[in-house]
Amino acid sequence: MSIDKKIRTTSLYQMHLDAGAKMVPFAGYEMPVSYPLGIKKEHIHTREKAGLFDVSHMGQIRLVGKNAKRALESLVPVDIIDLPLMKLRYALFTNKDGGVMDDLMVTSLGDEDLFLVVNAACKEADFEHLLNTIGVECKVEFLEDVALLALQGPKAHEVLAEIAPSTSEMTFMTAKQLVINGIDCFITRSGYTGEDGFEISLLAKDAEELAKLLLSNEEVEWVGLGARDSLRLEAGLSLYGHELDNDHSPVESSLNWALSKVRRTGGEREGNYLGDNIIMSHLNEGTESKVVGLQPEGRMPVRDGALIEDELGNEAGQVTSGGFGPSINRPIAIARIKKNYIENQSKLFALVRDKKIAVEIVKLPFIKQNYYRG
Amino acid sequence: MSIKFSEDHEWVELKGDDLVVIGITDFAQEQLGDLVYVELPEVGDECSRGENISVIESVKAASDLIAPVSGTIIEVNSRLEDEPELVTEDSMGEGWFIKVKLSNTSELDDLMDESAYNSFTEE
């Protein structure tokens with residue numbers, strides 16, 4: 001195998017190799033897709049105990065300055081100005097056509113200080129976008145030499161409380177800055193698995209020490225990107241490039257819940273972000289298609305890209321993410337489906353290798369989300 | 001025992017003059033990861049060497065089983081439909097895929113023996 005010189009690694013690369021990880025290129029990084037436990041067991045372990053994920057490939061950006069909140073609001077259809085201190089909010093960078101450039105997590109570190117976590121594959125473009133659009137209004141700082149660990153699962157809070165007792169007071173979507181074993185950590189109670197859990201941002205040089213400390217607890221196992229995908233799919237969470245892209249508005253991607261009321265038509269700070277007219281018209285008048293859950297009949301997985309047809313063979317939509325849900329032990333999928341088929345509860349079929357697999361439109365998520373709200 | 005191997009990581013065990021059992025190797029199942037579904041051909045189907053005859057689905061992706069020989073499929077391991085994990089647990093035994101009556105036994109000569117296959121996978 002030849003290794004592309006441009007491919008990057010995280011500060012935990014050697015630890016992954018030592019743990020026996022299968023490494024794959026992902027968003028320009030060599031990342032662990034699975035460990036010797038295997039995707040299925042890593043997935044189940046996360047649902048039952050606690051999984052540790054290296055997500056250091058994701059982008060971490062800081063916006064600092066008097067106008068930081070107002071400036072970020074001009075790029076997202078989300079209320080940032082009233083985001084309380086040390087609280088997180090899910091947001092979307094929109095484009096001028098109302099599509100989505102990326103989705104992100106925003107934490108308020110103060111009235112003049114925001115912390116963003118963005119997708120690995122989009123991070124350079126996001127940084128450019130921020131610099132070009134709001135670079136004069138606030139300082140846009142791309143954090144280098146940082147790592148991001150996610151500890152997810154029903155035992156995550158116990159594991160973390162053993163080494164950082166004050167984290168047990170945290171509720172879902174809140175943040176805390178603290179020192180664990182002499183290591184500066186920025187901790188949020190959040191994640192991408194549908195389980196309770198934490199994401200920990202820290203300096204890259206400290207990541208190995210903290211990872212070892214967490215793994216010394218017998219409830220914790222390394223979990224790779226393979227299980228991260230099946231976990232988020234069961235939890236009905238969108239993945240950029242699949243449910244979200246530049247060609248579809250957040251409304252078309254069924255993310256109405258992420259669009260803050262104050263930024264909608266009639267709201268106190270309505271519109272004033274890229275693509276606002278299109279997104280607000282989608283909100284007010286509806287869209288031709290939506291993203292929904294699909295339950296395929298039988299055991300054959302229906303994968304991304306599979307076309308969905310009605311009984312007569314008319315195209316009804318397409319699968320955006322599909323695979324197998326290890327916790328529910330059956331295939332599951334998310335698809336973009338034309339609205340009339342959703343409203344009529346039509347009988348639909350997925351085309352897999354010239355076979356027609358019956359699929360039923362179902363509510364997302366496929367598993368009960370298990371967040372700690374206090 | 002007369003077991004041979006293909007470059008597509010299948011094993012072919014000769015059972016009599018023109019009858020073979022076919023499955024995937026341990027190396028292949030380890031590469032694939034946890035299997036969640038196996039789509040088998042129909043008994044009576046003809047297969048020709050190099051053709052896709054079965055689909056193996058892991059949590060992550062779908063892969064093809066490529067016929068290492070030509071012939072008629074006379075039996076399939078239908079247990080795999082409900083228990084694809086048999087392939088992971090016992091790829092050379094309980095996890096077999098199909099039995100084929102060969103139409104051209106000389107094709108067996110093109111397959112590798114175990115030591116050749118082992119060096120092939122080490123590359």
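Okay, let's start inside chain A: in α7(A), the buried residues are L225(A), G226(A), A227(A), R228(A), D229(A), S230(A), L231(A), L233(A) and E234(A). By buried I mean that 20 or more other C-beta atoms lie within 10 Å of the residue's own, with the C-beta atoms placed from the backbone; exposed is 12 or fewer, and partly exposed is in between. Helices here are DSSP runs of H or I with at least four residues, strands are runs of E with at least two, and both are numbered from the N terminus.

Before I go on, this is a predicted model, so to speak of local features we need pLDDT of at least 70, side-chain atom pairs count only at pLDDT 80 or more, and totals for chains, interfaces and linings use all residues. Residues are numbered from 1 along each chain as its sequence is written, while chains are lettered from A and ligands numbered from 1 in the order in which they are written.

Back to the helix. α7 spans residues 225-234 of chain A, and nine of its 10 residues are buried, so call it mostly covered. What do those buried residues pack against? On the strand side, β1 (22-26), β2 (29-34), β3 (50-54), β16 (315-325) and β17 (330-338) of chain A, plus the helix α2 (39-48). After α7(A) comes G236(A), with a positive phi near 70 degrees.

Most residues other than glycine have a negative phi, and most peptide bonds are trans. D145(A) isn't a glycine, yet its phi is positive, about 55 degrees. You'll find D145(A) in the loop between β8 (139-142) and β9 (146-152) of chain A, and it is exposed, with 8 other C-beta atoms within 10 Å.

Chain B has one too: H9(B), again not a glycine, has a positive phi of about 70 degrees. H9(B) sits in the loop between β1 (3-5) and β2 (10-14) of chain B. Buried or exposed, H9(B)? Buried, with 24 C-beta neighbours inside 10 Å.

And there's a cis peptide bond, from L364(A) to P365(A), with omega near -5 degrees. P365(A) is in the segment after β19 (355-362) of chain A.

Last, the two chains together. Counting residues as in contact if their backbone-placed C-beta atoms lie within 7 Å, the contact takes 14 residues from chain A and 10 residues from chain B. On the chain B side, β4 (35-39) and β6 (52-58) are the elements giving two or more residues, and β4(B) has the largest share, three residues.

Terms used:
Two residues are in contact if their C-beta atoms, placed from the backbone, lie within 7 Å.
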